[in-house]
Amino acid sequence: MIAGQAFRFVLVGLAQIAVDAAAFVALTYAGAPVAPSNIAARVSGAALGFALNRRFTFRGGGRGLGGAGLRFATLWGVMTCVSTVLVGWTSGALGLEAAWLAKPLVDGALAAISFVATKWWVFRA
């Protein structure tokens, strides 16, 4: 069961990272600052991830949104702060193009922590 959940989480995560990274590159390429662009991009990825993980990965679709939604928002907030600091540091130290490359790597690394927290805390599956 956990192997199947982990596999589905990775598939959903890849879709999230693709949407998130594309939005980040588009926003910053258009001249938007790095930190707000990272947050906006993560919102797009989070909306996709919450819906797909709730429905397919952890099969929590039949339960109410209240508690899971609040726990998801809390986890998302913490992960977004960490991502924003790391991507912002990369941009400042190494340049915007380096931040474009680093963002999917940073968010991919955070996904391992997110899997554990999402499984046993957000959806309690």
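Helices are DSSP runs of H or I with at least four residues, strands are runs of E with at least two, and both are numbered from the N terminus. Colour the chain that way and you get four helices and zero strands, in the order α-α-α-α.

Before you click further: this is a predicted model, where local features need pLDDT of at least 70 and side-chain atom pairs count only at pLDDT 80 or more, while totals for chains, interfaces and linings use all residues. Residues are numbered from 1 along each chain as its sequence is written, and side-chain values use heavy atoms, with hydrogens and water left out.

**Stop one: H1 and H4.** Select residues 2-29 (H1) and 96-122 (H4); their axes come within 9 Å and cross at roughly 150°. (Axes are lines fitted to C-alpha atoms, for helices over the stretch in contact, and angles run from 0 to 180 degrees between N-to-C directions.) That makes the pair roughly antiparallel, a label for angles over 145 degrees.

**Stop two: the hole inside.** How many cavities of 30 Å³ or more are there? The structure holds one. A cavity is a set of points, on a 1 Å grid over the protein atoms alone, where a 1.4 Å probe fits but cannot get out; lining residues have an atom within 4 Å of a point. The largest cavity has a volume of about 340 Å³, counted as the space filled by probe spheres set on the points, which are joined across faces, edges and corners. Now select Gln16, Arg42, Trp76, Ala111 and Ser114, the closest to its centre of the 18 lining residues. H1, H2 (34-57), H3 (66-94) and H4 each supply at least two residues of that lining.

Methods: Parallel < 35°, antiparallel > 145°, perpendicular 65-115°, else oblique. 1 Å grid on protein atoms, 1.4 Å probe; cavity = no way out; pocket = protein on both sides within 12 Å on 5 of 7 lines; lining within 4 Å.
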